[in-house]
Amino acid sequence: MAVSWRYTLGLTINVVRGQIRCGANTVCQKSFAPWANKMSNNSIKALSTSCDMRQQGLIFRQLFDGTSFTYTYLLADTKTKEAVLIDPVLEQVDRDVKLVEELGLNLIYAANTHVHADHITGTGHIKQKIPGCKSVIAKVSEAKADVHLEEGEKLKFGEYELEVRSTPGHTNGCLTYVCHNQKMAFTGDALLIRGCGRTDFQQGNSERLYDSVHTQIFSLPEDYLLYPAHDYKGQTASSVWEEKMFNPRLTKTKAEFVEIMKNLNLAYPKMIDKALPANMVCGLHDITDQQKSA
């Protein structure tokens with residue numbers, strides 16, 4: 001059986017008997033062959049990194065902070081110019097604001113997936129530079145913000161919306177933002193590419209994280225693309241199908257997962273003592289120059 005779809009760059013990609021092909025040329029490695037034929041048609045489409053979102057009216061940018069290995073995501077409606085920025089980093093505020101201005105966007109929300117411990121959020125400075133932009137975070141986090149979200153609510157920008165899914169476990173206020181129209185989800189630290197957030201501090205709970213991922217993220221259609229808050233190996237995105245198949249922690253039983261998380265023996269986060277107090281005010285606090293340069 002052959003499966004084809006249009007890739008973002010206009011190439012026709014085919015999967016034929018365990019091989020990825022671009023036109024008549026095989027472009028996959030042999031390691032792909034054993035599992036390619038097991039994939040459903042919808043799952044295979046995730047490998048093409050979705051469709052051309054701009055043609056569908058959505059601007060999407062994945063931005064990176066090399067110090068904290070944090071991904072920041074910009075989404076915008078091309079018609080109304082309304083935009084959302086997810087997980088901005090303090091040191092990258094000028095970059096983010098410049099991009100918003102260059103694209104002629106109206107940034108209405110700067111949203112965090114949770115109260116971060118490894119960097120200071122950029123929402124405070126963004127609000128200063130872009131009047132009208134509102135900071136967003138989970139209500140249960142008890143962090144200050146203009147908008148406090150709960151399970152099932154929608155964050156709307158133009159003709160698009162992000163569904164709010166509560167995914168606690170890494171922290172009690174972790175959220176996953178799902179854009180069903182584009183089949184994509186922003187998982188924060190709850191689910192990383194072939195990994196997950198740690199559970200040994202900041203209200204962490206391994207059992208709760210396991211349940212959150214399985215009920216709130218793995219329950220999405222398999223072809224949904226997943227965009228995490230961090231990656232330390234140069235990967236940019238995954239899919240529901242991939243993580244259900246290959247995540248070395250979350251493919252285990254809950255008991256096995258809890259044991260794995262219990263024995264990670266991770267170092268104390270370098271930024272936590274500075275980041276947590278600042279991020280608990282979620283962009284409404286004027287971060288001092290000393291904090292910014294420390």
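Apart from its neighbours within four places in sequence, Ser206 is in contact with Thr199, Phe257, Val258 and Met261, where contact means heavy atoms within 4.5 Å. The side chains of Ser206 and Thr199 are also joined by a polar contact of 2.8 Å. A polar contact is a pair of N or O atoms within 3.5 Å; within protein, one must be able to donate a hydrogen and the other to accept it, and residues adjacent in sequence count only if both atoms are side-chain atoms. Ser206 belongs to helix H5 (residues 206–217), and it counts as buried because its relative accessibility is 10%. Buried means under 20% relative accessible area, exposed over 50%, and partly exposed in between (1.4 Å probe, protein chains only).

This is a predicted model, in which local features need pLDDT of at least 70 and side-chain atom pairs count only at pLDDT 80 or more, while totals for chains, interfaces and linings use all residues. Residues are numbered from 1 along each chain as its sequence is written, and side-chain values use heavy atoms, with hydrogens and water left out.

The protein chain as a whole has nine helices and 16 strands. Helices (H or I, at least four residues) and strands (E, at least two) are DSSP runs, numbered from the N terminus. Of the 294 residues in the protein chain, 52% are buried. Among contacts between residues at least 6 apart in sequence, 60% join residues at least 24 apart.

The aromatic rings deserve attention next. The structure holds 13 aromatic pairs; rings of Phe, Tyr and Trp (its six-membered ring) pair if their centres lie within 6.5 Å, and planes under 30 degrees apart count as stacked, over 60 as edge-to-face and the rest as tilted. Phe60 and Tyr73 form a stacked pair, at 6.1 Å centre to centre and with 10 degrees between the planes. Phe60 lies in strand S5 (residues 58–65) and Tyr73 in strand S6 (residues 70–77), so this pair ties together parts that are 13 residues apart in sequence. Both Phe60 and Tyr73 are buried. The pair of Phe64 and Tyr71 is tilted, because the ring centres are 5.2 Å apart and the planes stand at 50 degrees. Phe64 counts as partly exposed at 35% relative accessibility, whereas Tyr71 counts as buried at 6%. Ring pairs link Phe60, Phe64, Phe69, Tyr71, Tyr73, Phe186, Tyr227 and Tyr232 into a cluster. Within this cluster, Tyr232 lies in the loop between strand S15 (225–228) and strand S16 (238–239).
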